[in-house]
Amino acid sequence: MATTAELFEEPFVADEYIERLAWRTPGGGSRGGEAFDPKRLLEEFVNHIQELQVMDERIQRKVEKLEQQCQKEAKEFAKKVQELQKSNQVAFQHFQELDEHISYVATKVCHLGDQLEGVNTPRQRAVEAQKLMKYFNEFLDGELKSDVFTNSEKIKEAADIIQKLHLIAQELPFDRFSEVKSKIASKYHDLECQLIQEFTSAQRRGEISRMREVAAVLLHFKGYSHCVDVYIKQCQEGAFLRNDVFEDAAILCQRVNKQVGEVFSNPETVLAKLIQNIFEVKLQSYVKDQLEEHRKSDAEQYLKNLYDLYTRTTNLSSKLMEFNLGTDKQTFLSKLIKSIFVSYLENYIEVEIGYLKSRSAMILQRYYDSKNHQKRSIGTGGIQDLKERIRQRTNLPLGPSIDTHGETFLSQEVVVNLLQETKQAFERCHRLSDPSDLPKNAFRIFSMLVEFLCTEHIDYALETGLAGIPSSDSKNANLYFLDVVHQANTIFHLFDKQFNDHLMPLISSSPKLSECLQKKKDIIEQMEVKLDMGIDRTLNCMIGQMKHILAAEQRKTDFKPEDENNVLIQYTNACVKVCGYVRKQVEKIRNSMDGKNVDTVLMELGVRFHRLIYEHLQQYSYSCMGGMLAICDVAEYRKCAKDFKIALVLQLFDTLHALCNLLVVAPDNLKQVCSGEQLANLDKNILHSFVQLRVDYRSARLARHFS
């Protein structure tokens with residue numbers, strides 16, 4: 001059986017168990033060359049099965065014995081638990097009885113204590129009254145003999161007695177007890193002064209415990225507030241030695257906050273009184289000195305100082321919010337700040353607007369002076385309004401053209417300066433304005449920006465630029481309006497950024513938002529009208545310049561040469577110069593504009609360019625070789641049109657190129673060419689007009705083929 005037990009291993013696997021049994025049986029395997037003996041292996045298996053059966057019976061008997069024992073112990077445990085429950089119930093009943101007995105005894109004790117207190121309290125009061133009568137008699141006799149009045153170390157007891165006698169003396173009739181009342185009042189005053197002096201000395205020595213004792217005694221005296229005043233005054237001695245009064249105040253309050261709770265029974269009141277004293281004395285005096293110096297003489301410095309001082313004061317207030325100053329410390333600190341700045345804040349916006357107006361005007365005037373330019377007056381009303389309406393409807397220049405010598409009268413430096421001044425004004429407005437007045441004040445500042453940046457600078461530059469655009473028939477005209485467009489576009493972006501970054505947060509939740517948005521929309525639309533007008537007239541000038549080039553450079557013999565067999569050029573000189581001019585203008589337009597505006601303007605220029613070339617070609621007669629040269633010119637124009645990167649413009653020149661093929665195609669192929677993809681949808685009159693330009697048009701053969 002021991003051998004059988006050795007074959008059991010955890011975890012038990014039947015196949016492995018059989019393998020181990022066969023391996024251990026002689027002749028049960030091929031171990032060591034030993035021959036396999038099935039009979040012996042069978043015999044070993046039979047014997048082993050019998051051993052396993054015997055083992056199973058033994059284990060089963062043992063299991064049954066353990067189950068019986070477990071059931072017996074479970075019954076005993078259940079019986080024991082029932083006995084413990086009964087014992088617990090008995091103990092709980094005893095505990096309830098004991099608790100009731102303790103409550104009964106406690107009630108008796110409390111009743112007895114009340115009875116004793118009822119007897120003892122009148123006795124103590126009688127003893128206290130007897131002592132006070134004794135001390136009162138001493139004042140009545142005029143001689144203080146008690147040790148409590150003569151011993152300086154018993155000043156605390158003397159203060160308690162004199163405070164009570166002082167209250168009693170106030171109830172006595174003046175005519176009979178005037179003298180004693182005077183003596184008691186005098187002693188009361190002397191002790192009060194001694195206590196305050198003792199408190200002052202202890203504070204200078206840094207004896208916190210002695211300060212606490214004296215303050216507790218003085219709490220019932222009238223001079224307690226004077227004690228607090230002395231404490232506040234001495235706290236500030238040597239505290240404001242640096243230039244930064246705000247930092248000194250914060251450090252002082254931090255130090256006192258740690259100490260005041262150890263000295264006074266009402267630390268929040270004392271600390272609040274200290275802060276009030278600092279604000280109303282130190283800070284108010286400092287603020288007045290800093291602001292009054294520049295209030296009437298230097299508005300810029302006055303506004304900077306006001307913003308800086310108010311910011312530092314509110315920052316100090318935020319630090320003081322950490323301390324316990326009573327129930328509504330936010331209101332308390334706000335009132336202190338208001339008391340300092342109320343006289344400066346009530347007219348702040350008027351000073352701000354006045355300064356911003358004068359400063360902006362100075363920036364603009366300094367710029368125009370640097371250009372030696374006398375600013376023209378742009379009138380309003382009457383004739384000026386009539387001229388403006390006529391110009392907008394007809395796009396005609398009214399009045400003589402002004403030579404600006406290439407000056408746009410727009411300056412990014414001026415714009416940055418104006419925006420910087422306005423940004424600082426918005427920051428001051430946000431900090432210094434009452435919340436209810438903030439949107440209104442911000443709108444006034446925005447109106448100043450619109451007036452000086454948009455109207456006085458940008459709009460004036462646009463008006464001057466419009467006046468500087470030459471007429472479309474001018475020769476060798478210099479076109480500077482696109483430079484104005486480029487700079488105005490950049491300035492608009494800066495203006496819009498400040499509107500979103502600095503104005504919007506101040507008005508986003510107020511009715512002024514819609515008013516500001518409308519004002520911004522109106523001024524931009526007004527300027528866009530002038531920009532569109534200037535661009536349109538500039539494009540007319542460009543086309544005019546191309547006309548001058550074509551008129552000066554194009555000869556009739558270019559397209560009808562005398563010697564058809566001796567044409568050496570690929571395209572005409574007029575074509576070369578026009579294409580060169582157009583490429584420069586396209587590049588200039590791309591550099592002056594951005595976004596969809598580039599494509600819009602280039603499309604308009606391309607359409608006008610195409611119309612010019614189309615009408616120009618209609619003025620000549622073409623021989624066969626001249627037609628080939630015209631096709632070469634149009635091919636060059638088409639190559640130039642690719643620089644526009646506008647599909648419509650390229651399509652127009654593709655069609656024009658196809659039309660020019662009618663100038664050279666054989667008469668027999670005219671109908672075939674006219675029905676081609678590019679010309680099939682064109683009006684027959686257009687096709688006919690090009691065919692008529694051929695020198696051989698009047699021949700019967702050509703007329704017959706095109707009819």
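F409 is buried, with a relative accessible area of 7%; buried here means under 20% relative accessible area, exposed over 50%, and partly exposed in between, with a 1.4 Å probe and protein chains only. The residue sits in the loop between α14 (383-394) and α15. F409 has a positive phi of about 60° although it is not a glycine.

The structure is a predicted model, in which local features need pLDDT of at least 70 and side-chain atom pairs count only at pLDDT 80 or more, while totals for chains, interfaces and linings use all residues. Residues are numbered from 1 along each chain as its sequence is written, and side-chain values use heavy atoms, with hydrogens and water left out.

**Overall composition**

The protein has 25 helices and zero strands. Helices (H or I, at least four residues) and strands (E, at least two) are DSSP runs, numbered from the N terminus. Of the 707 residues, 38% count as buried. The accessible surface comes to about 41,800 Å², and 51% of it belongs to carbon and sulfur atoms; such areas come from the Shrake-Rupley method with a 1.4 Å probe, and for residues only the protein chains shown count as cover. Among contacts with a separation of 6 or more, 75% are between residues 24 or more positions apart. Contact means heavy atoms within 4.5 Å.

**Helix packing**

Two packed helices are described by the angle between their axes and the distance between the axes. Axes are lines fitted to C-alpha atoms, for helices over the stretch in contact, and angles run from 0 to 180 degrees between N-to-C directions. Angles under 35 degrees count as roughly parallel, over 145 as roughly antiparallel, 65 to 115 as roughly perpendicular and the rest as oblique.

Helix α15 (residues 412-432) packs with helix α16 (residues 438-468) at an angle of about 175°, their axes being 10 Å apart. The two helices are therefore roughly antiparallel to each other. On the α15 side, the residues that meet α16 are V414, V415, L418, L419, T422, A425, F426, C429 and H430. Their counterparts in α16 are L438, N441, A442, I445, F446, L449, F452, L453 and H457.

For helix α9 (residues 245-263) and helix α11 (residues 299-320), the axes come within 10 Å and cross at roughly 10°. That makes α9 roughly parallel to α11. Here F246, E247, A249, A250 and C253 in α9 meet L309, R312, T313, L316, K319 and L320 in α11. R312 also belongs to a network of salt bridges that links it with D244 and D308.

**Salt bridges**

Side chains of opposite charge can pair when their charged atoms come close. A salt bridge is counted when a side-chain nitrogen of Lys or Arg lies within 4 Å of a carboxyl oxygen of Asp or Glu. By this rule the count comes to 25 salt bridges. Three of the pairs are listed below.

| Salt bridge | Closest N and O atoms |
|---|---|
| R205 and E207 | 2.9 Å |
| D654 and R638 | 3.3 Å |
| K440 and D437 | 3.8 Å |

D654 forms a salt bridge with R638. D654 lies in helix α22 (residues 647-660) and R638 in helix α21 (residues 624-642), so the pair ties together parts that are 16 residues apart in sequence. D654 is partly exposed at 22% relative accessibility, and R638 is partly exposed at 25%.

K440 is placed in helix α16 and is partly exposed, with a relative accessible area of 44%. K440 and P511 are 71 residues apart in sequence, and 9.4 Å apart in space, C-alpha to C-alpha.

**Loop and surface features**

K645 lies in the loop between α21 and α22. Its phi is near 60°, a positive value in a residue other than glycine. At 69% relative accessibility, K645 counts as exposed, whereas F409 is buried at 7%.

Y104, V105 and V109 make a nonpolar surface patch of about 290 Å². Patches are made of residues with over 30% relative accessible area and no salt bridge; like charges are joined within 9 Å, and nonpolar side chains (Val, Leu, Ile, Met, Phe, Trp, Tyr) within 5 Å. V105 is in helix α3 (residues 38-141) and is partly exposed, with a relative accessible area of 37%.
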